[in-house]
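Dear colleague,

I am passing on the structure we spoke about, and below it you will find my notes on what turned up in it.

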Amino acid sequence: MDITQSQIWTQRYTDYLNQQESRPARIVYQRDRARVIHSASFRRLQAKTQIFGLSESDFYRTRLTHSMEVAQIGSGLVEQLITVGTEGVAQEAEYIKWLPSVYLIEAICLAHDLGHPPYGHGGEVALNYMMRHYGGFEGNAQTLRIMAKLGEYTPENGLDLSRRTTLGVMKYPALYNEVINTNEDYQMQLLEPEVSDFRTLQMNRWNPPKSLYSEEKTVFDWVLQPFSDSDRALFTQLSHCEGACHNRTKYKALDTTIMELADDIAYGIHDFEDAVAMKMVSRELWQAEVMDDPVFQQYAPWGDEMTERLFCGSSRARKHAISKMVGIMVESIYMDENHEFEHPLLRYQAKLAEDKAAVLELLKAFVFKNVITIPEVKGMEYKGQLIVLELFKSLRANPSTLLPRSSYQKYQAAESEQAQQRVISDYIAGMTNTYASRLYAKLFTPTQGSVFDVL
């Protein structure tokens, strides 16, 4: 990659607007990572749900520790791709020069969950319901909004990260309104009147489409500017979804494929570790639904010794097993090519070997069935949804008295009703679980709350 090509991707949006030259990759990507780490949105992830409630134990993962693990796995995947493409081969693989640096992939991985609201997916659905007529809410879209608008590093351009870092975080390159316009059932739902009692609301009908907000369209267009018209059209193309679901994009950029693999490994293996430590899954269940599953039997990347380590009661042995499982997945990565794309950042795609990918999907399904969707976890998620819904309803009705002064100034300056509602959405989305629950108690519990409370 020549200097000119490199500096297209190190350009920041502020550089673009001011027609300033971008700086070298080594400096830019290191500072991208630093801006993410030092942002308020990143720190708030320490008090946002990963799976288990924050009051369960100090041991279990939060969004912050999850993001750190994704970053560590992501850098490991890049190192493995370098090894695969350089060692024992006559000529260095062409993709090597397009691989992200450690600084870059860590910046992308650390930033990937910045937009997640309090109470995880439950909070996301609740905010999408309240914003359904005002541009919607979606966690990945909120991540881009923080990077491009809300982050504190610049007055108007958010964290102002480089073009390539921003591209890497964009998991679903399509705009919210364009996605919902392809879903006739959802369009009919939007005509329904708002429920008066949120406890009667069928939450699962309001899952948001995987997308970006129209408010960030100019940044979205800037990120895709270096690609050809045909690459942009294919990259943003929606695939048809069968059943009651939203269409979504099919393709992701090279860096995004690495970040998503790291995210999936952390979800399927590290989150499983929390479930074992919490004794939410038994050895018998693991044996029946993973080890004895036909898919696992076909590929069997590890044997019964892993089960023994996981469930022997020793945290040291369990950690050793988890580390071994992660290593097996990381070492199976390879680089594929999608020749429908011209640009290397879209053409190259990181993938896991077929056997390891199948086992990882099995692990993810096991965690989803036996941890994510069990009544004990879903019940806490539902409680969080009600908190978000009630807070939003009250803030919408009384913005001048309930919004913080800084947020109310933005509300007053907003040029449309949608922009006003987005201010409320941004305020709630930025809350931690702890902040949201304390504010709820302060407003709605008669025996709690004081003018001196520090939320």
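In which sense do strands S3 and S4 pair, and over how many bridges? Strand S3 (residues 333-337) runs antiparallel to S4, and the pairing extends over five bridges, where two strands pair if DSSP finds at least two bridges between them. Within this pairing, Gln-349 in S4 is the bridge partner of Asp-336. Strand S4 (residues 348-352) is mostly covered, with four of its five residues buried (under 20% relative accessible area, whereas exposed is over 50% and partly exposed in between, with a 1.4 Å probe and protein chains only).

Please keep in mind that this is a predicted model, in which local features need pLDDT of at least 70 and side-chain atom pairs count only at pLDDT 80 or more, while totals for chains, interfaces and linings use all residues. Residues are numbered from 1 along each chain as its sequence is written, and side-chain values use heavy atoms, leaving out hydrogens and water. The protein chain averages a pLDDT of 91 (the predictor's confidence in each residue, from 0 to 100), although pLDDT stays under 50 over residues 52-59.

Lys-279 sits in the loop between helix H14 (254-277) and helix H15 (283-291), and because its relative accessibility is 72%, Lys-279 counts as exposed. Ala-300 belongs to the loop between helix H16 (294-299) and helix H17 (304-311), and at 41% relative accessibility Ala-300 counts as partly exposed.

With best wishes

Conventions:
Helices (H or I, at least four residues) and strands (E, at least two) are DSSP runs, numbered from the N terminus. Contact means heavy atoms within 4.5 Å.
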